[in-house]
Amino acid sequence: MQLESRLDSIIKKVRSYHPDPNITQLRDAYEYARRMHEGQSRKSGEPYMTHPLEVMDIIADLRLDVASLVAGLLHDTVEDTDTTVEEIRSRFGEDVAFLVDGVTKLSKFQFNTRQEAQAENIRKMIIAMSRDLRVILVKLSDRLHNMRTLKYMSSSGQERKSRETMDIYAPLAHRLGLYWVKTELEDLAFRYLHPESYYDIAEKVASKKRQRQSFIREVISILDDLLSENGIDAEVYGRPKNFWSIYRKMREQQIEFEQVFDVLAFRIIVDKRAQCYESLGMVHNLWKPIPGRFKDYIAISKPNGYQSLHTSVIGPYQERIEIQIRTQEMHKVAEEGIAAHWLYKEGKAVPDRDDEKFAWLHQLMEEHQDHEDPVEFLESVKIDLFHDEVYVFTPQGDVLSFPSGATPVDFAYAIHTEIGQRCSGAKVNGKMVPLKYQVQNGDIVEIITHKNQRPNKDWLSFVKTGRARTKIRKSVRREQRERSRELGRELLDKELKNHNTNIRAWERSGKLDEALEKSRYATSEEMLGDIGYGKTQAETIVEKIYGDEEGDDKQKPKAEKESRLGQLWNKIVDRGKTGVVVDGIEDVMVSYAKCCNPVPGDNIIGFVTRGRGLSIHTRDCKSVSHLERERQIAVSWANDTEVPDSARRPVSIRVYCTDKPGLLANISQSFSAAGVNISEAQCVTTDDRRAVNTFEVLVNNRDQLTRAMKNIEKIKGVYKVERTTT
């Protein structure tokens with residue numbers, strides 16, 4: 001009965017904004033979902049149907065259509081019951097079936113790693129989202145309710161879901177302009193990723209609640225009187241910033257809570273655009289503005305369509321406060337986000353390709369086609385979604401948005417792929433700059449091209465956008481393949497000279513085709529490339545033809561007929577246990593890359609070196625992007641990832657903290673409590689009583705390292721703890 005009552009209250013909410021909702025379809029979908037989830041329960045012990053209903057309620061808060069509401073009720077039926085997409089389609093129509101399929105995980109497929117599965121699920125969702133934006137809105141509603149009930153999951157599940165939320169879903173909500181969804185997702189994820197910091201900030205904010213409310217009322221009254229006296233009819237609101245934004249400011253500026261001044265934000269909403277600037281002038285005349293803290297998102301709106309004036313001032317009692325000024329229409333967009341821009345085509349919410357607000361979405365969709373590796377795709381998505389924006393101008397005066405730290409190379413690829421490929425230099429504000437120069441707000445960027453220029457692998461070390469990174473990698477790999485084919489051709493030709501012939505003669509006589517068939521290669525390019533990379537030997541290919549013709553019945557040793565890569569495998573297989581598994585083989589001779597120092601538990605990848613066995617890197621190591629993809633090997637840790645004390649792995653940890661007596665001893669004690677040995681320490685202090693401590697420690701595995709870092713994060717006076725790489 002409680003579930004039916006909840007459904008009735010949600011339907012009442014839908015009626016408040018929808019002119020003519022199909023209530024019969026909503027009730028049919030509810031009955032169908034209830035029947036399919038019969039007997040299932042949530043980890044909280046509640047009937048499973050409570051989840052689809054709460055997802056439906058959030059979708060109603062987003063003011064979406066009936067198809068979206070129905071999809072919210074049915075979104076888990078395909079994944080968690082015997083229902084199929086085809087059955088959803090026959091019962092509720094193509095629209096609903098597409099939305100349900102778009103948010104359904106690829107659970108029927110087998111993936112090598114959890115990261116690969118995550119990447120493929122995100123890829124599937126983004127492809128569907130580019131066709132119908134309601135897919136991501138239903139998914140965000142699902143994720144928001146899951147985060148609200150995350151306390152019932154295991155601690156590892158909480159951390160995994162929270163990290164994914166912070167990396168993917170909160171940035172997506174931001175890009176879609178759904179501010180309230182973004183901030184709630186961030187605070188919920190923050191609560192589980194950094195619980196000590198979350199509750200510390202929550203306690204400090206709550207302790208000053210009465211004082212803060214009194215201050216908010218006073219500022220609102222002052223602003224109301226100011227605007228009214230000058231003939232501007234406005235609404236004024238005040239609120240504290242969300243916990244995550246406070247924590248992020250503390251971490252970035254390495255300050256404590258008491259030093260975060262602009263914890264409060266005020267909003268002035270007026271009728272006309274001109275009144276925004278009038279109001280700004282009045283505020284700046286009343287209170288002293290803080291230099292460098294004014295941003296005009298009206299003249300240059302954010303990519304998601306957000307418009308507002310932002311300024312920070314020294315308000316009453318010398319308190320720093322942030323003030324946002326916008327019109328009613330701008331406020332609607334800021335609150336409703338993408339839902340304020342619905343464009344219906346045949347009943348679907350489709351972003352118009354000509355609408356600049358959705359340019360990022362089309363670009364994100366197009367990029368997936370250039371990624372063979374799903375993990376690379378996920379990396380690209382994170383880069384493009386999660387960044388602070390910098391606005392720069394083309395010479396023609398067009399405005400482009402980039403992640404903070406972007407370079408002229410990123411700019412070149414944003415203009416056109418061919419411009420990026422031929423980029424040989426850049427001018428910023430009329431002056432030549434290095435290609436690794438980081439563009440600043442307001443820069444005018446001009447790209448210089450040359451027909452003989454090619455992308456440089458070194459560019460990968462400084463480009464910031466996923467688009468540039470993807471195009472450069474693709475180009476570098478193509479050139480590597482071309483060079484390998486050329487080398488393979490030279491090696492094969494050299495071997496053929498021992499038989500008084502050459503590769504041209506083989507091509508004319510058909511022997512090359514015969515060699516391809518006997519070696520099981522589809523094309524000569526593939527075979528020559530493998531010879532060039534060392535995956536097979538020219539001698540082995542030639543032997544396929546002349547070994548038979550010369551009647552050589554004596555088989556050569558097996559190692560001679562294997563590719564160079566095969567021989568290398570024979571060399572690197574060792575009797576000693578390494579803790580690394582390659583294709584089911586545990587006894588492999590490996591070395592651990594010093595650039596990232598992987599430890600058991602890290603997500604890793606192997607690289608077949610020439611003569612030095614297998615080099616192990618973490619998958620997110622910056623060096624991996626420079627390694628030849630064809631020589632990368634899937635590897636994993638053996639089941640027994642504990643290593644003896646004599647073989648502990650070195651890791652570098654950096655701790656940012658205040659410079660006060662006893663803190664270093666507390667940090668050392670935390671390492672010791674986690675069973676971690678310190679092999680080297682370097683401590684640097686600054687003039688503002690800060691300290692940066694770098695420790696090289698020896699650990700058994702990732703869990704031990706994580707435990708130590710969490711212990712240190714709990715120490716009062718520690719701002720940030722990070723694992724560093726070279």
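A nonpolar core is taken here as a set of buried Ala, Val, Leu, Ile, Met, Phe, Trp, Tyr and Cys residues joined through side-chain atoms within 4.5 Å, where buried means under 20% relative accessible area, exposed over 50% and partly exposed in between (1.4 Å probe, protein chains only). The model is predicted, with local features requiring pLDDT of at least 70 and side-chain atom pairs pLDDT 80 or more, while totals for chains, interfaces and linings use all residues. Residues are numbered from 1 along each chain as its sequence is written, and side-chain values use heavy atoms, with hydrogens and water left out.

The largest nonpolar core comprises 74 residues, and Leu74, Ile88 and Ile201 have the most contacts inside it. Contact denotes heavy atoms within 4.5 Å. With neighbours within four places in sequence left aside, Leu74 is in contact with Ala29, Tyr32, Ala33, Ile88, Phe92, Val96 and Val100.

Helices (H or I, at least four residues) and strands (E, at least two) are DSSP runs numbered from the N terminus. Helix α3 spans residues 50–61. Its twelve residues reach 17 Å from the first C-alpha to the last, close to the expected 16 Å, the expected span being 1.5 Å times one less than the number of residues. Ten of the twelve residues of α3 are buried, so the helix is largely enclosed by the rest of the structure. These buried residues are Thr50, His51, Pro52, Leu53, Val55, Met56, Asp57, Ile58, Ile59 and Ala60. Their cover includes α1 (2–17), α2 (23–36), α4 (66–74), α9 (134–148) and α11. Arg63, which follows α3, has a positive phi near 60 degrees.

In helix α16 (residues 328–336), the residues Met330, His331, Val333 and Ala334 are buried. Viewed down the axis of α16, the buried residues fall within an arc of 160 degrees and so line one face of the helix; the arc is that of the directions from the helix axis to the C-beta atoms. An α-helix has 3.6 residues a turn, so residues three or four places apart point the same way. Elements covering the buried residues of α16 include α11 (179–193), β2 (264–270), α15 (273–286) and β6 (320–327). Gly337 follows α16 and has a positive phi near 60 degrees.

Two open sheets were examined, with strands counted as paired if DSSP finds at least two bridges between them. β11 (residues 423–428) pairs with β12 over three bridges in the antiparallel sense, and Ala426 has Val433 of β12 as its bridge partner.

β20 (residues 649–658) and β23 are joined in the antiparallel sense over six bridges, and the bridge partner of Ile653 in β23 is Arg723.

Val676 lies in the loop between α28 (663–673) and β21 (677–685), and counts as buried at 5% relative accessibility. Residues up to four places away in sequence not being counted, Val676 touches Arg648, Phe671, Val697, Leu698, Val699, Gln704 and Ala708. The C-alpha atoms of Val676 and Asn700 are 8.2 Å apart in space, at a sequence separation of 24 residues.

Positive phi also occurs in two loop residues. Tyr317, in the loop between β5 (309–314) and β6, has a positive phi near 60 degrees without being a glycine, and is exposed at 60% relative accessibility. Asn597, in the loop between β15 (590–592) and β16 (604–608), is not a glycine either and has a positive phi of about 45 degrees; at 17% relative accessibility Asn597 is buried.
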